[in-house]
Amino acid sequence: MRRALLAITGLAAGTTALVVLKGSPGAVQAAQGPPAAASPSGGATPSADRATLGAKPRASATTPAATRTPTARATTARPTSAPRATTAAPRATTRRVTGPVVENEYGNVQVQIVLSGTRIVDAVALELPQETAQSDRRSDQVDGRYSGTSGQVVQRQSADLDTVSGATATSESYRRSLQAAIDRAR
Amino acid sequence: MTHPHTHTAGRRTGNPAPHGGRSAAPVPPAAVPRRGPGGRRALVGLFWAGLVAAVLPWWLDTPAGSLDGSAAALTAAGRITGLVAGYLLLVQVLMMSRLGAFERSAGAERVSRWHRDVGATLLVAVLAHLSLIVVGYAAEGGRSVLGQAGELLADYEDMVGAFAAAGILVLLGLTGVRALRRALPYELWYHLHLASYLAVALGFGHQFSNGAQLFPPGPVRTGWIAAYALVVAALLWGRVVAPLRFNLRHRLRVADVVAESRDTVSIYLTGRRLHRLDLLGGQFLRWRFLAPGCWWQSHPFSVSAAANGRWLRLTVKVVGGHTADLREVEQGTRVWAQGPAGTFTAAHRRRERALLIAGGSGIAPLRAMLEELPPGAALIYRARTPDDVLLHRELDWLAQERGTDVWYVVGSRDDPGPRQVLSAPGLRKLVPDVARRDVYLCGPPGLVEQSVRALRAAGVPRRQIRLATFEL
């Protein structure tokens, strides 16, 4: 019985130690193994959580014309300068603008919009949290409500979207990535 | 309750000369070779490696510094305890799989002790996991704790099963509390414990549908599933295949049932190829007598004679409903046995000499072990009345043949004689080099406790004291 008590104490102490080691901001960054998804948003934002909302847009603004899909199929092989030029063109040239990766506690969210002129005609979630079956389902709800050629993004033409109940964090991250993409497009 | 026959007399000393005055015709077999603690150490090492491997995915998946805020920290702690609990549950099942590796290198007694300690830890880990996750999620979503628990049950996949599994484990943990376990009949307790397999099955799903580390396909998920498959395979091997092989090879039958005293019987068994049975004195098997009324129960009993290639014997005191039935077992009854198991043997000695302390029917394993210990062992046999002294002819004979000192200490626990013998000075007087001996203890709990206290006081290191306890 004494050993069981020891083991239980060890469990509590070990768990606390692990959480503290990971949680302290000054912790060594070395042990970032598999989740390569954390890197695209840059080392500038190591702590991405809803608590640091304010820091986020600035960080995404500093990242240069990042993450543009090179496989953009239609026109626009022209990169950054293109957006303004196309505003004049009445022709329906579509282009794709990708928002930054926004992290939340469930995973990463990244939104890409397709514009025809200045009008958003489609929205695609390149990345959504799929950590667990539950977050997968929430992501599906968010995706179904917002994305697509007839989703809320296209209807409202802005990042002012209704929060999907039960998926607050993911909705919020989606809007932020979307807002950054819209800012970038205009 | 003083008994008239209280005495500490009856000392019989073995022959000091190696082969004595008798002709050395039946040369006593040499002591069995030692078996070191290597196997046990390997198992302990594997356990810790597995524990690290179970928590490592969390460590690698979590970016440093990402746990600011109490909600995130709570959820993280919930995930860690969840991984630990999942791992410990597998370890628990594995330890009860009756694999030869556990039964013979770590010892069934020690494994059952581990099982109890790990079980307590597992229970705490499961409860911590459950409450940390609920509170953590509630804090993240700004909900009440109860509301969050309801949402987990209603909206998340496989969570009803997981909550049920936690409930089963709590229930089993309660029946593990010593007082309660004593109150329950062994058979009922045993069958309740089978529900733990249900807990494993019910808890399986939610780890993969809701476990942050286990949901995404990849090496971690594959490895975790492989661990489950391994444990199931071990269970099948240890509980089904190995016993089947053993019993098909040996085909044991009851040859005779002999009364040793008013409440003790010896059951002799014969079978085939018994010379190939790898059995050490002091080990036990789990016996299932295939007779009406008995066949559905399996009980561990030590053999009371070392392997001799011709027959096996168990000496059983009638205490419960099952053992009463054993008196009526007929000759020729088939016996299904599992084992042998245990490290309470002469092969696991650390020292050249041994002191054996037996109480009542606890003599059985020690009697078998005496045949395999090096000469120079000593036996103290506690019994309530002279009638309770079992197998004394054999003991006297062994004392002669193997140079063993045997003391019969007869009388009630409170009589001055027994009290004096089972004290530190008394033990030192009987066995002056007691601190340099292995001590093997088998008997009722009161005697064992008293003896351990006296032995420790007499300067015997804890590691040299071996207990044969079948409580599980």
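**View 1. A buried tyrosine sits in a loop of chain B.** B:Tyr156 has a relative accessible area of 7%, so this residue counts as buried. All of the views here come from a predicted model. To find B:Tyr156, look in the loop between α4 (145-155) and α5 (159-176) of chain B. Once neighbours within four places in sequence are set aside, B:Tyr156 is in contact with residues of chain A, A:Gln134 and A:Arg138, and with B:Tyr137, B:Gln148, B:Glu151 and B:Asn210 of chain B. Another residue to look for is B:Gly205: its C-alpha atom is 11 Å from that of B:Tyr156, while the two are 49 residues apart in sequence.

View 2. Take the contacts in chain B with a separation of 6 or more: residues 24 or more positions apart account for 72% of them.

**View 3. Several stretches of chain B carry a transmembrane label in a database record.** An unreviewed UniProt entry lists residues 42-60, 72-97, 118-139, 159-176, 188-205 and 225-242 of chain B under "transmembrane region". Two of these spans are worth a visit in the model. Residues 188-205 of chain B are 94% helix and 0% strand, with end C-alpha atoms 29 Å apart. For residues 225-242 of chain B the figures are 100% helix and 0% strand, and the end C-alpha atoms lie 24 Å apart.

**View 4. Helices α1 and α2 of chain B pack against each other.** The axes of α1 (residues 38-61) and α2 (residues 70-95) of chain B come within 9 Å and cross at roughly 145 degrees. The crossing of α1(B) past α2(B) is right-handed. On the α1(B) side, the contact is made by B:Leu46, B:Phe47, B:Gly50, B:Leu51, B:Ala54, B:Val55 and B:Trp58. Facing them from α2(B) are B:Ala76, B:Arg79, B:Ile80, B:Leu83, B:Val84, B:Tyr87, B:Leu88 and B:Val91. Sorted by type, the residues of this contact are 13 nonpolar, one polar and one charged.

**View 5. Five strands of chain B form an open sheet with parallel pairing.** Reading across the sheet, the order is β9-β8-β7-β10-β11. The edges are β9 (405-410) and β11 (465-467) of chain B, each of which pairs on one side only. From one strand to the next, the twist averages 15 degrees.

View 6. Helix α11 (residues 363-370) of chain B lies across β7 (354-359), β8 (378-383) and β10 of chain B. Its direction is at about 150 degrees to β7(B).

View 7. B:Ser412 is found in the loop between β9 and α13 (416-421) of chain B. Its relative accessibility is 8%, and because buried means under 20%, B:Ser412 counts as buried. B:Arg382 is 30 residues away from B:Ser412 in sequence, and their C-alpha atoms are 9.3 Å apart in space.

Notes. Residues are numbered from 1 along each chain as its sequence is written. Chains are lettered from A and ligands numbered from 1 in the order in which they are written. This is a predicted model: local features need pLDDT of at least 70, side-chain atom pairs count only at pLDDT 80 or more; totals for chains, interfaces and linings use all residues. Side-chain values use heavy atoms; hydrogens and water are left out. UniProt positions are given in the numbering used here, feature names are shortened, and annotations may be inferred rather than shown by experiment. Helices (H or I, at least four residues) and strands (E, at least two) are DSSP runs, numbered from the N terminus. Axes are lines fitted to C-alpha atoms, for helices over the stretch in contact, and angles run from 0 to 180 degrees between N-to-C directions. A crossing is left-handed if the near helix is turned anticlockwise from the far one by less than a right angle, and right-handed if clockwise. Contact means heavy atoms within 4.5 Å. Ala, Val, Leu, Ile, Met, Phe, Trp, Tyr, Cys and Pro count as nonpolar, Asp, Glu, Lys and Arg as charged, and the others, Gly among them, as polar. Two strands pair if DSSP finds at least two bridges between them. Buried means under 20% relative accessible area, exposed over 50%, partly exposed in between (1.4 Å probe, protein chains only).
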